[in-house]
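Keep the viewer open while you read.

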Amino acid sequence: MTQEGTKGHLTGTHRVRTLAETWEWIAPRLGDFGITRVADITWLDDLGIPVFQAIQPNGRRLSVYQGKGIDALSARVSAAMEAVERWHGERPPPPDRYATVAEMRSELGYSPWQLVLRTRHCLDDHTRLGWLPARQLRDNTASFVPADYVTLDMRVLPRWRVPVFHASANGLASGNTQAEATLHGLYEVVERDAVRRAEKAGPVGRIAPESVPGRAGELLEQLRTAEAQVDVFVLPSPTGVPCFGATVRNASFSVPATGYGCHLDRDVALCRAITEAAQLRASVIAGSRDDLIAGPDEGRGVSPAPFGPVPTLDLDEVPSLARPDLDADLADVVTRVTSLTGCSPLAVDHTRPDLGVPAVHVVCPGLDLAQQI
């Protein structure tokens, strides 16, 4: 493992350990998180882009999680780490305290109305909630987040919860280190905000495929070999962090599947978007995800990206902003989000000391988040 914060892997994703080291570290622990196997489902589709599943039969929200990557090991690690992070999100610690919104206001640093609320909610100053400790990433100041906002336990329990927040896994991430997990969670929240903006106003532009070099260019060539039509879009993000959407279809799976990616490293962001589109296709073909919906225009089913005619851009018109150090990347994205929203991103630490895998739930009050599971 490299020195804390220094990146040991830079292709397709950024981690402080190499992918081989990450798998060697996490594989013996999978049983602790209820993961019975990690399976290769790449062959179910004809694209050839690696997609793996992590099977978690007793999951409290889902029982199957997907991972994707530029190679088989990347996809294997991705699937395992997603299942690990969701396990933590299903089992957060009990609330640190119970208090009304009015009683907590001075300790929050944000307004609870900046979170994703249910369409019909009963949030007001007198709403009594359970609260989990959090830290403001801008300066490490203590804060709190409503426990129901970051709790993914969907079991039927003998109690009624006041309908207030739309809980989701947006921003939930695990990693080799706390900083790595936090940065991955932050990227996801920024990505979802960019997706929402694109749904409302359209993308910034369409990337010319011939302008894409490197590993992302190889992925596009692989898709062309599979006779797939691929459209790559730049998504609008006022943070300036590169965000892409990629839509893939071919004769064997003609309904467009769209994936998204966000990262300070422009090429990593693009690889994530392309491989996520492939992941979605394989997930639908496998049919094992609990949250897939049959209709092509609903939920997590596949549907066309809602994008009309847009300008064509070369990839090098999108800046690549990553640094050699994860801590520096994290500080940069935190500053960008804080400047946009006026309040610091928050991190709720789900890490279990007895298990030792860093897991956090990043919350960004003020960003426009798609209500995804």
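By about how much of the helix are E188 and R192 separated in α4? They sit four residues apart in helix α4, so about one helical turn separates them. Before we go on: this is a predicted model, where local features need pLDDT of at least 70, side-chain atom pairs count only at pLDDT 80 or more, and totals for chains, interfaces and linings use all residues. Residues are numbered from 1 along each chain as its sequence is written, and side-chain values use heavy atoms, leaving out hydrogens and water.

**Salt bridges**

- Searching the whole structure turns up 24 salt bridges (a side-chain nitrogen of Lys or Arg within 4 Å of a carboxyl oxygen of Asp or Glu).
- E188 and R192 make one of them, with their closest N and O atoms 3.3 Å apart.
- E188 is partly exposed at 21% relative accessibility, while R192 is buried at 10% (buried means under 20% relative accessible area, exposed over 50%, partly exposed in between, using a 1.4 Å probe and protein chains only).
- R196 and E199 also pair up, at 3.8 Å between the closest N and O atoms, and both lie in helix α4, three residues apart.
- That pair belongs to a network of salt bridges linking R196, E199, K200 and D368.
- R105 and D125 form another salt bridge (2.4 Å, N to O).
- Because R105 is in helix α3 and D125 is in the loop between α3 and β5, this pair ties together parts that are 20 residues apart in sequence.

**The five-stranded sheet**

- Strands pair through backbone hydrogen bonds, either parallel or antiparallel.
- Here five strands make an open sheet, ordered β11-β10-β9-β8-β12, with mixed pairing (helices, H or I, of at least four residues and strands, E, of at least two are DSSP runs numbered from the N terminus; two strands pair if DSSP finds at least two bridges between them).
- β11 and β12 are at the edges with a single partner strand each, so one side of each has no neighbour in the sheet.
- β9 and β10 run antiparallel and are joined by six bridges, with V234 opposite F244 in β10.

**The three-stranded sheet**

- Another open sheet has the order β1-β2-β3, and its pairing is antiparallel.
- Its edge strands, β1 and β3, each pair on one side only.
- Five bridges connect β2 with β3, and I55 has V64 in β3 as its bridge partner.
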